[in-house]
Amino acid sequence: MAKLQKSQQQQRSVFVEPVYSSAVALLIVLLACVELGDAVTVVDVYRLVQYDLGGVPLGSRLAALNHHAGSSLFSSSAGVVADLSRTVLILPVRELNLTFIREYIGQSKPLGGLLLLLPPIFSPEHTDSGGGVDDDSAKVLLKEVLVEVERLLIHANIPYPVYFGFEDEHINAMLADIKKNDASGQPATATTGGYKLVVAAPQPRKIVSPTIVNIQGWLPGLKADGDSNQLPTIAIVASYDTFGAAPALSVGSDSNGSGVVALLEIARLFSILYSNPKTRGRYNLLFLLTSGGPYNYNGTQKWLHSVDQRLRETIDYAICLNSIGSSSNELWLHVSKPPDNAYIKQMFEDFSSVSEELGLKVGLKHKKINISNSRVAWEHEQFSRVRVTAATLSELSVAPEFLESTGGLSDNRNFVNEASISRSVKLVAESLARQIYGQQGKNIEIFADDSSLSVNPSYIRSWLKFLSTTPRVAPFLAKNDPLIMALKKELADHTVEVNVQQESLDGMFTFYDSTSGKLHIYQVASVTFDLLLLLLLGSYLITLFSFLVIITRGLDDLISLFRRPTSRKVKTP
């Protein structure tokens with residue numbers, strides 16, 4: 001009995017061992033196949049904005065991506081435009097041919113997808129002034145190209161996915177390989193293999209009832225004993241939200257992060273003065289952070305129409321801060337009312353006097369508003385429409401076009417000068433102080449350097465860093481977004497009666513979600529490789545089957561499987 005059991009175990013081991021070893025071998029082969037289809041790398045990408053303007057679809061209308069990669073618009077063999085309907089075109093911004101791209105998009109030619117590679121200097125996380133660009137002239141040139149690309153993309157209806165990514169060693173190595181294959185006349189296809197780019201994303205959905213949030217802080221002035229009249233008010237205003245080709249990258253360090261930083265620092269400086277009754281001025285100071293700036297200053301308009309009319313009537317004038325962070329020594333005061341208006345004249349004289357002391361030049365630009373046209377070029381024009389005197393201080397000499405210079409791809413920390421913001425803060429603060437305390441025309445420095453009232457570069461730097469890494473496109477901000485809460489808290493630290501106003505964005509804009517994603521890059525084999533692999537696996541399985549049959553049943557049974565069965569003749573009765 002023991003011998004019989006031992007004999008059965010030996011037979012079982014003879015059968016199991018080859019099966020086990022074969023299974024292990026098959027598993028190794030399968031793992032190797034999986035490894036060949038594994039992702040080379042995964043990178044963050046940022047989708048081109050998708051929105052409707054007055055019912056007209058604009059921006060990128062798709063989000064999902066699943067095509068082979070290519071690097072050229074042309075066929076290498078004939079020099080003609082290639083069929084790219086199933087290709088994701090990868091184009092570094094450094095190498096863009098703007099004329100051809102403009103024609104290609106304008107003619108709505110088919111494309112599987114577009115991936116635009118940005119130099120690292122345009123990343124919100126990148127603060128090294130080098131950024132892979134050799135000199136300042138190259139930086140300026142790249143910025144001009146990117147501004148033009150952004151202008152083209154946001155005003156076009158593009159029926160395929162468009163993403164932005166950043167150059168790095170993995171992307172650059174992949175692109176070099178793709179260019180080599182394209183140059184050899186073997187672009188990536190299902191037949192030849194190559195690289196495949198995949199972004200798994202659902203169909204973008206409309207953002208329902210996007211909101212805009214205004215934040216208001218107040219520093220009350222000091223009334224004289226027995227004075228029953230309301231004190232006059234000076235308003236300092238800055239729009240904090242942005243708009244750009246890629247909402248997830250629209251940090252707007254200059255437009256209008258610089259204006260927001262300046263407003264907060266001015267509020268901090270005057271809070272010190274107003275905390276002491278002896279130095280509290282006989283003006284109320286209103287600090288207003290508005291939303292909806294890129295959308296015709298929609299938040300400013302709604303604040304003006306909802307605020308108590310008695311408060312609005314006390315405003316002597318409003319100063320709107322917009323894009324004051326460039327290294328230029330020239331600023332412009334934009335106004336709608338005639339330059340001989342008493343408040344405009346006094347404001348300009350105060351600014352001019354202080355600017356000379358700071359080594360700056362302030363010019364005056366007068367442009368009438370067109371009441372019949374709802375479009376406004378500057379934030380102060382919304383004030384002018386309700387007969388409140390206002391001006392915009394900006395480094396820009398002319399008004400930007402609609403949805404331009406609103407904090408797009410080229411507007412980040414690497415193109416903003418902290419010292420310029422500090423000088424602009426001192427310019428505004430000194431001008432206001434001389435007006436408030438009746439010191440016009442006197443060479444008195446209230447916010448002197450190295451004093452307790454000096455401008456704080458560290459404060460400016462920290463807030464500029466925060467805003468330069470925080471996308472602020474209003475429709476994608478929640479009502480209690482950390483950004484809004486941070487701005488509210490900061491104003492509350494320096495002012496009193498901080499109020500938050502929430503309004504719906506005007507209905508002419510419709511935005512869609514899915515602003516970023518993960519790009520999976522796969523290196524895939526050609527169909528020829530797949531066929532050879534299939535043949536190899538088939539041969540292996542047939543050999544394995546034959547081997548198992550021989551060792552378990554014998555050679556005769558294996559031969560009988562392939563032997564043609566003998567036919568039986570049926571005898572007829």
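These legends accompany close-up views of a helix and of a salt-bridge network in a predicted model.

Local features in this predicted model need pLDDT of at least 70, side-chain atom pairs count only at pLDDT 80 or more, and totals for chains, interfaces and linings use all residues. Residues are numbered from 1 along each chain as its sequence is written, and side-chain values use heavy atoms, with hydrogens and water left out.

**View 1. Helix α10, residues 418–436.** Helices (H or I, at least four residues) and strands (E, at least two) are DSSP runs, numbered from the N terminus. From first C-alpha to last, the 19 residues of α10 reach 27 Å, close to the 27 Å expected at 1.5 Å a residue; the expected span is 1.5 Å times one less than the number of residues. Helix α10 is mostly covered, with 17 of its 19 residues buried. Buried means under 20% relative accessible area, exposed over 50%, and partly exposed in between (1.4 Å probe, protein chains only).

**View 2. The two ends of α10.** At the start of the helix, look for Asn-417: one of its side-chain oxygens comes to within 2.9 Å of the backbone nitrogen of Ala-419. Just after the helix, Gly-438 has a positive phi of about 65 degrees.

**View 3. Glu-148 and its two arginine partners, Arg-102 and Arg-151.** The structure holds 19 salt bridges, each a side-chain nitrogen of Lys or Arg within 4 Å of a carboxyl oxygen of Asp or Glu. Glu-148 meets Arg-102 in one of them, at 3.2 Å from N to O. Glu-148 lies in helix α3 (residues 136–154) and Arg-102 in helix α2 (residues 98–106), so this pair ties together parts 46 residues apart in sequence. Glu-148 also meets Arg-151 in a salt bridge, at 2.6 Å from N to O. These two sit three residues apart in helix α3, separated by about one helical turn. Glu-148 is partly exposed, with a relative accessible area of 23%, and Arg-102 is partly exposed at 35%.

**View 4. Arg-151 and Glu-404.** Here the side chains of Arg-151 and Glu-404 form a salt bridge at 3.0 Å, N to O. Glu-404 belongs to the loop between β16 (390–394) and α10, while Arg-151 is in helix α3, so the pair ties together parts 253 residues apart in sequence. Glu-404 counts as buried at 16% relative accessibility. Through shared partners, salt bridges join Arg-102, Glu-148, Arg-151 and Glu-404 into one network.

Notes: A polar contact is a pair of N or O atoms within 3.5 Å; within protein, one must be able to donate a hydrogen and the other to accept it, and residues adjacent in sequence count only if both atoms are side-chain atoms.
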